[in-house]
Amino acid sequence: MSDVTYTPDEVRRARYAVAAVFAVHGAVTGSFATRVPWVQEHASLGAGQLGFALAFTAFGASCAMPLAGRISHRFGSRTALRGLLALWTLSLVLPSVAPNLLTLCLAMFAYGASAGMADVAMNALGVEVERRLGKSIMSGLHGMWSAGALIGSAAGTLAAHLGSDARLHFALAAAVLTLLGFVVCAWVLDLQPAEDEEPPPRFALPPRSALLIGAVGFCAVFAEGASLDWSAVYLRDRLEGSAGLAAASTTGFMLTMAVARIAGDAVVNRFGAVRTVRAGGVLAGLGGLLVVLAGHPAVAMAGFALMGLGIAVVVPLCFAAAGHAGPNPSQAIAGVATITYTSGLIAPSLIGGVAQATSLVVSFAVVTVLACGLAVFAGVLRTAERGGGGEVSARAAAVPDPRP
């Protein structure tokens with residue numbers, strides 16, 4: 001991208017605009033998640049068929065994410081993000097109008113593809129704003145995603161409670177979120193490719209740096225997916241907790257992640273990305289150990305909350321490190337995102353398979369080991385700036401643009 005100069009005020013406005021984009025993106029996810037039972041009933045699917053259809057979300061995202069960089073190169077970052085975000089918000093309608101398994105699979109593929117492309121575009125712009133501000137903001141941006149998801153899920157819960165048709169609910173939500181996304185995109189950075197810059201390939205293998213960074217993100221997202229989908233089951237089946245306690249455990253996990261992400265930038269700016277992730281790995285490992293050894297629901301709930309606190313900032317910092325690690329941020333971010341999406345896809349089913357073969361305790365022992373891996377391998381989040389001589393953290397790699 002060409003080195004466009006923005007004033008500090010314009011960069012600050014771009015930060016708030018990108019934060020709003022993250023919230024809009026999260027609100028779509030939250031809206032859909034609350035109406036999955038309606039979608040299942042409308043398409044007349046069993047549990048296995050529903051799981052098969054939902055897997056197409058990650059499949060579509062993985063296939064389409066490498067295209068985001070080329071689209072941004074062709075149209076510029078602002079126009080590309082505006083279009084990709086609109087595709088994502090409007091795709092919310094698709095699952096609600098799918099009458100059977102085949103059409104739902106196609107709908108979820110399109111839904112996931114648009115989600116993944118918008119995800120890459122907004123993270124690439126977030127990394128660019130971070131670079132120009134000279135401080136960490138990616139954790140807070142992902143915290144806004146979590147906040148948007150909570151708002152979307154709250155609205156969806158109300159709609160479900162009122163017995164509204166999901167087709168109407170999704171249509172109204174898509175209209176509001178598309179309009180909001182169109183408006184806030186007016187203030188994001190508008191980066192254009194340099195005249196002699198070659199367009200990125202339509203599809204390319206992730207660079208080696210993205211694979212290493214993605215491995216760290218894999219551990220975090222695996223623990224996240226396992227906790228979100230299995231924490232309530234763990235409390236109910238393993239510790240004989242009530243339905244209310246089981247639901248509260250999942251909610252507590254989500255809340256600790258949201259709060260930690262919003263507050264995480266201050267920690268990263270103070271201690272750096274590597275030390276933050278190492279400390280997070282220790283907390284997540286301790287949380288997993290509490291879950292495995294828990295003899296009472298309250299102990300397990302505390303363990304899941306600690307795990308959420310420990311892994312909250314890892315994925316944002318992985319995206320930041322990928323964006324700073326090479327000359328093509330979109331390609332590196334797409335590589336990391338593909339790995340993390342894959343982790344989120346396989347985690348719930350792998351936990352179930354291990355639990356069926358052994359027990360849920362063994363399943364979460366595996367999660368605990370992966371969480372501890374964050375502390376061991378956090379060093380790969382350093383971004384190498386050979387031109388400056390030496391390695392710096394994602395925080396220190398951010399260099400603000402001078403005032404024109």
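1. How many aromatic pairs does the count come to? The count comes to ten, where rings of Phe, Tyr and Trp (its six-membered ring) pair if their centres lie within 6.5 Å, with planes under 30 degrees apart called stacked, over 60 edge-to-face and the rest tilted. This is a predicted model, in which local features need pLDDT of at least 70 and side-chain atom pairs count only at pLDDT 80 or more, while totals for chains, interfaces and linings use all residues. Residues are numbered from 1 along each chain as its sequence is written, and side-chain values use heavy atoms, with hydrogens and water left out.

2. One of the pairs is Phe 32 with Phe 170, which is tilted because the planes meet at 40 degrees, with ring centres 6.4 Å apart. Phe 32 lies in helix α1 (residues 8-34) and Phe 170 in helix α8 (residues 166-184), 138 residues apart; helices are DSSP runs of H or I, at least four residues, numbered from the N terminus. Phe 32 is buried at 8% relative accessibility, and Phe 170 is buried at 0% (buried is under 20% relative accessible area, exposed over 50%, partly exposed in between; 1.4 Å probe, protein chains only).

3. Tyr 234 and Phe 304 pair edge-to-face, at 6.1 Å between centres and 85 degrees between planes. Tyr 234 belongs to helix α9 (residues 208-238) and Phe 304 to helix α12 (residues 297-311), 70 residues apart.

4. Phe 32, Trp 88, Tyr 111 and Phe 170 make up one aromatic cluster.

5. The structure has zero disulfides (pairs of cysteine sulfur atoms within 2.5 Å). Cys 63 is partly exposed at 30% relative accessibility, whereas Cys 185 is buried at 0%.

Definitions and conventions: Helices (H or I, at least four residues) and strands (E, at least two) are DSSP runs, numbered from the N terminus.
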